[in-house]
Amino acid sequence: MTNILIVGDGAIGLLLSHFLSHKNNVHVLTRKPTCNTRFYSRKNAPSHNINARFINLSDLAQQPSYDVVIFTVKAFQVQDAFSQIKPYLAANSILVVSHNGMGNIEELISQLNTQQALYFLTTSMAGFKSTQYIVQHTGEGQSVIGGCNKLAAKNPQFISPLLQAIPNLKMVNNIEQLRFEKLLVNVAINPLTALHNIKNGQLRAPAFSATIMSLLYEGCRVANAKGLNIALADALNNAYTVMALTAENYSSMQQDIANNRPTEIMAICGYISEQGKRYNIKTPANNELLAKIQAKKSVV
Ligand code: PAF
């Protein structure tokens, strides 16, 4: 049995804990009072207890060392979460980071030892977490995982418990390209659904198509400047496919704004804007949505 720690109890953290806890020993690190009665529910199916243990930071010292630690916190929370967990990591712990948008993976790599493999997992699976500790799997989606340092890239077997348990997950060797492709899906979906308080599927209305086109045009120019080969037609196709697959879902940014939580706008439109400046590419559509979301409360 693999000992797995999931850091973060948002929708994705809870969905992963559900999938992984069938065959592994899973702990979920949460800031709230520990509670083992969380549920997972697929639409129109009965709900089940998640077979994981929910623990707080103060419990970590008494736990066995974890083989795999998965960070499902937001991009801007990864560094703090890592610093808190670091004292409890084994010399050869396997680390997985999963968040929307672009964070600072290089900074994380520089803090690992030579036996610690780091992977990035990007997913379009969708979940909805209600306040009653219930998470619903609202969109199947696809997930990919790839190595961020040499040790990880050379050892796909390190993450076989994840590959066996998480639906539609495959190992890739071009994670940077796929992360950028996913970033563009979030650029198209998250800020507009948050701003207009609508479900992902409602973005398919013609009223949004010009804005989505501009957002992705700018994003593709930035990707190309960074040496990534992403065509606008493919970025549009990816975004509209995810809108269809998660049509009934509220995006994570819509949920953040609705619940008065900080959003990931800096790691999404903020990243395109910042990289645009670096490569001298104009990004007015991304700048505008960045400003509009930042004007809302509790935004990081
Ligand atoms: O952030 C989200 O909500 C998700 O990444 C996605 C894929 C847009 C589905 O809602």
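Domain bounds here come from an automatic or database domain assignment. This is a predicted model, in which local features need pLDDT of at least 70 and side-chain atom pairs count only at pLDDT 80 or more, while totals for chains, interfaces and linings use all residues. Residues are numbered from 1 along each chain as its sequence is written.

View 1. The protein is divided into domain 1, residues 3–173, and domain 2, residues 177–295. Their C-alpha centres lie 24 Å apart. Across the boundary, 18 residues of domain 1 are in contact with 18 residues of domain 2, where contact asks that two C-beta atoms, placed from the backbone, lie within 7 Å. On the domain 1 side that touches domain 2, look for β8 (118–123), β9 (126–130) and β10 (134–139), each of which supplies at least two residues. Strands (E, at least two residues) and helices (H or I, at least four) are DSSP runs, numbered from the N terminus. That side of domain 1 divides into eight nonpolar, eight polar and two charged residues. For these classes, Ala, Val, Leu, Ile, Met, Phe, Trp, Tyr, Cys and Pro count as nonpolar, Asp, Glu, Lys and Arg as charged, and the others, Gly among them, as polar.

**View 2. Gly139 in strand β10.** Zoom in on Gly139, which is found in β10. Gly139 counts as buried because it has 20 C-beta neighbours inside 10 Å. The cut-offs are 20 or more other C-beta atoms within 10 Å for buried, 12 or fewer for exposed, and partly exposed in between, with C-beta atoms placed from the backbone. Leaving out residues up to four places away in sequence, Gly139 touches Met125, Ala126, Leu245, Thr246 and Asn249. The C-alpha atoms of Gly139 and Glu248 are separated by 8.2 Å, although these residues are 109 residues apart along the chain.

**View 3. The shell around the ligand.** Which residues come nearest to the ligand? Of the 13 residues around it, these are Ser124, Ala126, Ile189, Ser251 and Ser252; a residue is near a molecule or strand if its C-beta atom, placed from the backbone, lies within 6 Å of it. Domain 1 and domain 2 each give at least three residues to this shell. Helix α6 provides the largest share, four residues. By class, the shell has four nonpolar residues, nine polar ones and no charged ones.

**View 4. Helix α6 and its kink.** Follow α6 through residues 175–196: its 22 residues reach 31 Å from the first C-alpha to the last, close to the 32 Å expected at 1.5 Å a residue. The expected span is 1.5 Å times one less than the number of residues. Where along α6 is the kink centred? It is centred on Asn186, with a bend of about 30°, taken as the angle between axes fitted to the seven residues ending at a residue and the seven starting there. Because 17 of its 22 residues are buried, α6 is largely enclosed by the rest of the structure.

**View 5. Leu195 and what follows α6.** Leu195 lies in helix α6 and is partly exposed, with 16 other C-beta atoms within 10 Å. Not counting residues up to four places away in sequence, Leu195 touches Lys292 and Ile293. Asn197, which follows α6, has a positive phi near 55°. Asn197 sits in the loop between α6 and α7 (209–225) and counts as exposed because it has 11 C-beta neighbours inside 10 Å.

View 6. Most residues other than glycine have a negative phi. Asn260, in the loop between α9 (252–258) and α10 (269–279), has a positive phi near 60°. Asn260 is exposed, with 9 other C-beta atoms within 10 Å. In α10, the buried residues include Cys269, Tyr271 and Ile272. The buried residues of α10 pack against α6, α7 and α11 (284–294). After α10 comes Asn280, whose phi is also positive, near 60°.

**View 7. Helix α1, enclosed.** All 10 of the 10 residues of α1 (residues 11–20) are buried, so this helix is largely enclosed by the rest of the structure. Among them are Ala11, His18 and Phe19.
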